Amino acid sequence: MKSILSALGLAAVLAAGPAWAQSYPAKPITMIVPFAAGGPTDVIARIVADSMSKTLGQQIVVENVAGAGGTTGTTRAAQSAPDGYTIMMGHMGTHGAAPALYPNLKYDPTKDFEPIGMAAGTPILIVAKKNFPAKDLKEFLAKAKADGDKINEAHAGIGSVSHTTCLLLNAQAGLKPTQVPFRGTGPALNDLVSGQVDFMCDQIVNLVEQIKGGNIKAYAIATPERSPALPDVPTTKEAGLPEYQVSAWNAVFAPKGAPKDITAKLNDALGKALSDENTRKRLLDLGAVLPDKAGQTQEALGTFVAQEVARWTPVIKAAGAVAQ
Amino acid sequence: MEQFVDNLALGFSTALSLKNIGLCFLGCLVGTLIGVLPGVGPIATIAMLLPVTFGIDPTGALIMLAGIYYGAQYGGSTTAILVNIPGEATSVVTTLDGHQMARQGRAGVALGIAAIGSFIAGSIATLVIAALGAPLTKLALLFGPAEYFSLMVMGLVFAVVLARGSLPKAIAMIVVGLLLSTVGTDLETGQERLTFGIAELSDGVDFAVLAMGIFGFAEIIRNLENPETRDVVRGKIGRLLPSKEDFKQALPPILRGTGLGAVLGILPGNGAVLGPFASYTLEKKIAKEPSRFGRGAIEGIAGPEAANNAGAQTAFIPLLTLGIPPNAVMALMVGAMTIHGIIPGPQVVTKNPQLFWGMIASMWVGNLMLLIINLPLVGLWVRLLKVPYSLLYPAILLFCCIGIYSINNSTSDVIFTAFFGLVGYALLKFGYEPAPLLLGFVLGKLMEEKLRQALILSRGSFATFVERPVSGGLLLVAAIMLVIALLPAIRKGRDEVFTE
Amino acid sequence: MAPDQTGDQSVPHAARGTQDIAAGLFLIAVALIAFWQAKGLPLGTLRSMGAGMLPTALAVLLGAFGIAIALIGALRPGVAFERWSFRGLLFVLGSIITFALTVRLFGLVVAGPLTMLIAGAADPQTNWKHTLIFSVVLTAFCILLFKVALRLPIPVITFL
């Protein structure tokens, strides 16, 4: 997208012409967010884009292209010109679970993108209705295992974070709950608070206030360390299920073929955003976990995406969940 | 009681700061201007304008967003009345009598009553939230999937009551709406249904796309072929504001609508959508001459508009007290709050009382702003109808296209509206009404979701719907209403055969 | 709009309700398409519904309504089938599709006036000079409102 001036017309044609010769970025950058405005990924994208804009000296305009579990927007990003003026905020679903969920996927997360860098992850919690008869994770898993399909798990729809992360939990802990699908986190959470369903897995940002308010109880957080937002909730390692490590990560990508110097510049701007005091605070307030210096490189993200695809494919295939 | 006054005082001291009044005004104004674009309802407007508020402090941003919400809601009603394009499910009802009033030269009266009705409803609903917000939350938690399903069955009965003309044709349209609602990915299994292999349909048909095509574009094509009907709208302007007589006639429906809307709005799972339909049904049932409805009855717009606004207001209760968004608009509000570092939940009231009560107070201020902004604008809107139709309709088309494109930055959505324009035109030519179709569509999604959830939870037992007292009660009411609704319709149907 | 469609005094009457016959056939067609699309989906049982249960059931129900409405039309006098305005359909829907095809390709600067001019062809009374001027003014207004004031990510100009 060009500057407003050139858009407005003739007067600016002269100014817009030589802009191409200038160094990147010479015009606003579009960041595609493959989810609706206001969701966790959108919020993280806007906070990060805000700070990156200041570093780059050009506005990063967030464009929400929601649909089909984020794959619509991701497809558009994969197919756009690799000139560095279209980038995207990818996500655990679009760049991890999607290849297994969508057999007709029009992009390959590992091959069709240049990784820019990890932005932020939101930890996953295992939560249950407040009167569920188990005091910690061990008891919960034992009871859930013994009850088999008598226990009800809520999720926010096939392919959603809450769905796939619980599939992983069920596979690792050997649970076979009855799954109750909802349209979005809100309705699912509502029925968990009112006790219609027994448990669910979801991102901390959606759950933190309900846990603090005592409307639901949290058994464990699936990160290596406890979250400052919920210091009383033990990690899965402490609670006895150390292999359950999962977070809804968000990372910046450019279409395949974007020039090296441009992706390096974007990676640098992202790194500056993540070390900016104010940006850090805004992200941490959401309960997000930020990557360390080693995790911020382009190579680290590339390796991570390949690992994620390899991790989710068998879990989802085994559960027989297909979204297309 | 003392605490109630204290809380409201705190709220108003926040909401009435010069800056926050300004933001509220700005929000209402922008919301109205965008919401008035044909086919662009509150969800689209808020999604489009959400980023605008990111630079403001949290309380101010939320106050402005609430203003945008009310503005968009009223703006949607304005287009429903003037050009017969509902921007959201709840203003479908407004098209029924509102647009007929406009055709009779009473557009100003319709817009005025909508504004005044909304203001009265909004004021009462604000008090309800402030006084009863916390206890009312419990009501929302009484409703599980089975109860919602029964509530939606009741909604379908409203749809039948709404029908005019041929009853089989109206019910057929409800079925078409239900069928359209099944398009997209199956909730439970993830399989694609009725998508013709088109990836863009995997999330189903968007309401705005369907409404704009079936109502808006079809209407434009029809107007173009009958130059007489379009000039009827242009010719008569009539009085700009409701007379005392109009107001007297409208007040009881406004109060009844407020009550219905306020109660239904509290229910998560978008109970608010039923408010206007319920109000219309009620007014039509208790009217001395039900035949006036659909031909420009003022009660048919006063009640539903009040219900709409009351529901829009009380829908904040589950969000503010539980932190759980009951519908798509409120989900956007959650996003707006989290981006400002406020995570909505049961603790917001105690941790951030200024924000909480400030927002509640600003609801009332927002409603007042709406009245202040819109009563003078009524003249302007009505005068828009004076623009020659040959210039007006290309402009409407362009605005519609930009609006639909902007909702999801998607050109395929624009193409789908063109398709539904064709469908809508065909429906007109076949003598079908689009309103029951839209209601069937809106209820269909919720109904199937709740039906299947309820059956999963009951492990396949249908008894769950009657065994659970609230659910059973709702089904009983629905059954009684259906009988009452069908009896006169069958009789009337016979009469019509004789007169023809 | 729809409400008074059938109630208008000007509506031509016929010995048979040709409008209803067509209306019924239309529903039958919709039902058949839906039935065909839902064919491959598992029905499940009433107690545990499959993805295809509801669409199939609704398609059957719709087909039944279609047959009933067509029969009513065939057996009773009623409203005659109206002529279709193909000019309106072609240019109104054509202008919308043109917008969809051009907005990302060229931007609003081209898509805006083009959409309004094609739409203008739908009305025989269109004054081309007025429509042309108005389309340019309105496009400029839209750019100011959506792009400059509200900062929506809509493409304004993609060439140059």
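Tutor: Helices here are DSSP runs of H or I with at least four residues, strands are runs of E with at least two, and both are numbered from the N terminus. The model is predicted, so local features need pLDDT of at least 70 and side-chain atom pairs pLDDT 80 or more, while totals for chains, interfaces and linings use all residues. Residues count from 1 along each chain as its sequence is written, and chains are lettered from A and ligands numbered from 1 in the order written.

Take helix α1 of chain B. It covers residues 2–15, 14 residues in total. From first C-alpha to last it reaches 20 Å. That is close to the expected 20 Å, where the expected span is 1.5 Å times one less than the number of residues.

Now its two sides. B:G11, B:T14 and B:A15 are buried (20 or more other C-beta atoms within 10 Å of a residue's own; exposed is 12 or fewer, partly exposed in between; C-beta atoms are placed from the backbone). Viewed down the axis of α1(B), the buried residues fall within an arc of 95°, so they line one face of the helix. The arc is taken over the directions from the helix axis to the C-beta atoms. The face turned away from that buried side holds the exposed residues B:E2, B:V5, B:D6 and B:A9.

What covers the buried residues of α1(B)? The cover includes α2 (18–35), α4 (58–83) and α17 (353–384) of chain B.

Follow α2 of chain B to one of its residues, B:I34. B:I34 counts as buried because it has 28 C-beta neighbours inside 10 Å. Beyond its neighbours within four places in sequence, B:I34 is in contact with B:V40, B:T45, B:M48, B:L49, B:A72 and B:G75 (contact: C-beta atoms, placed from the backbone, within 7 Å). B:I129 lies 95 residues from B:I34 in sequence and 27 Å away, C-alpha to C-alpha.

Chain B also meets chain A. There, 45 residues of chain A contact 42 residues of chain B. On the chain A side, α8(A) gives the largest share, six residues.

Last, a strand in chain A. All five of the five residues of β7 (199–203) are buried. Strand β4 (113–129) of chain A pairs with β7(A) in the antiparallel sense over five bridges; pairing takes at least two DSSP bridges. In β7(A), A:F199 is the bridge partner of A:A128.

Technical notes
Contact = placed C-beta atoms within 7 Å.
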